[in-house]
Amino acid sequence: MILNYIWIAFIAIAFLMAIGKTLIDGDLQIWSDIMNSSFSQASFAFEVSLGLTGILTLWMGLMKIGERGGVIEGMSRMISPFFSRLFPGIPKGHPAMGAIFMNVSANMLGLDNAATPMGLRAMQEMQTLNKNKDTATDAMIMFLVLNSSGLCLIPVSIMMYRAQGGAENPSDIFIPILVATGIATLVGLIALCIRQRIRMDWVLWSWLAGIACVVGGVAWVFSRMDAEQVKTYSTFGANFILFSVIIAFLAAGVRKRIRVYDVFIEGAKDGFKTAVGIIPYLVAILVAIGMLRASGALDVFTGWVESFVGFCGFDTQWVGALPTMLMKPLSGSGSCAMMLDVMKANGPDAFVSKLAAAVRGSTDTTFYILAVYFGSVGISKTRYAAGYALLADITGAIAAVFTAYLFF
């Protein structure tokens, strides 16, 4: 329901901004800008879906092999003590548990292209347990918040963007991102556990403490490396683990004596159907975002915030990264463009550029995730998913600001 209101609000704000610019400034071009943005965003939504088709086809096929080979079930048993408490509505050993684990693991390694198909598979498995097919379950909402908080141990793509932009030390934002995304994930999980009345026993607390230790440990290890080593070993580690998973799936299929190729094709067909099914949802949310951005509403809001912060006597340097913060929940490509724009205008090693990079990596793209994941299974009533996902976003952004000031 909240997504419905947000969608309407984006378009309504863009319309009101256009009226204001026309009446006050005599700007007639704004109407063309907004409509051109809506057309380009609709095309972009289709291109995104088209791009996902191949990836989904590949990973849905591999996931089907892993499921038939027993790998997914084995993973479900491994993480059962933790996930059975976070997802009490999912039976132990259910395929959804393994798919959730694979998705979260891919996100932690910064492998977005692999995480999405695994996440869609998890949603499909959870939908089989859903009695009200158009309404999000507690398990689905927990899963969406996990994705939105975007716990990422290795932000390879952001370090590569900084390297391409000529940063002296592209990996210097590694630890701030790790701290910010870790805080966002822990806050999102604990808040949702309270909302869903999940009992916080010693097992759950120990797993959460373990996550904090892993984040701290990775931060400590990479803090002892130079920039080139961070880039080399983080890329190697992420892709080595991913390829090892593929080999494990194939080996399990051979061991179970299943027709691996035929099973892959069976799963791949489901991936193609899923990619086609999410197109309307992506078009809806990306068009609304494009209209809002083209109207200039985000620029006006940023100006107000900077004036207010300055009036209160606080440092205003961080406000330059505010467009990236605001765009992050709305569009991954949009927030990336905002980050690159800040780097271009101020230089890659300026404080505001490093802060924009930290914000970009602190959480994931909330509304994109909501549109794609819920859309893939026909969920229209998202309940409180957006609110708690945005809580994780806000927490991550605030943590990114504080860590950036601390480190830079």
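Arg257 is exposed, because its relative accessible area is 77%; exposed stands for over 50%, buried for under 20% and partly exposed for anything in between, with a 1.4 Å probe and protein chains only. The model is a predicted one, in which local features need pLDDT of at least 70, side-chain atom pairs count only at pLDDT 80 or more, and totals for chains, interfaces and linings use all residues. Residues are numbered from 1 along each chain as its sequence is written, and side-chain values use heavy atoms, leaving out hydrogens and water.

Let us stay with Arg257 for a moment. You will find Arg257 in the loop between α11 and α12 (260-277); helices here are DSSP runs (H or I, at least four residues), and strands (E, at least two) are runs too, numbered from the N terminus. Arg257 is not a glycine, yet has a positive phi of about 60°. Arg197 also has a positive phi without being a glycine. The table sets out both residues.

| Residue | Loop | Phi | Relative accessible area |
|---|---|---|---|
| Arg257 | between α11 and α12 (260-277) | about 60° | 77% |
| Arg197 | between α9 (174-195) and α10 (202-223) | about 55° | 78% |

Asn130 sits between α6 (112-127) and α7 (138-149), and counts as buried because its relative accessibility is 5%. A polar atom of the Asn130 side chain lies 2.8 Å from the backbone oxygen of Thr135. Leaving aside residues up to four places away in sequence, Asn130 touches Thr135, Thr137, Met140 and Ile379, where contact means heavy atoms within 4.5 Å.

What about the interior? The largest nonpolar core has 114 residues, and Phe83, Phe87 and Met126 have the most contacts inside it. Such a core is a set of buried Ala, Val, Leu, Ile, Met, Phe, Trp, Tyr and Cys residues joined through side-chain atoms within 4.5 Å. A second, separate core has 6 residues, including Ala18, Ile30, Ile34 and Val287. Returning to Phe87, its contacts are Met97, Ile100, Ala139, Met142, Phe143 and Leu146, again not counting residues up to four places away in sequence.

Ile241 belongs to helix α11 (residues 227-255) and counts as partly exposed because its relative accessibility is 39%.

Note on methods:
A polar contact is a pair of N or O atoms within 3.5 Å; within protein, one must be able to donate a hydrogen and the other to accept it, and residues adjacent in sequence count only if both atoms are side-chain atoms.
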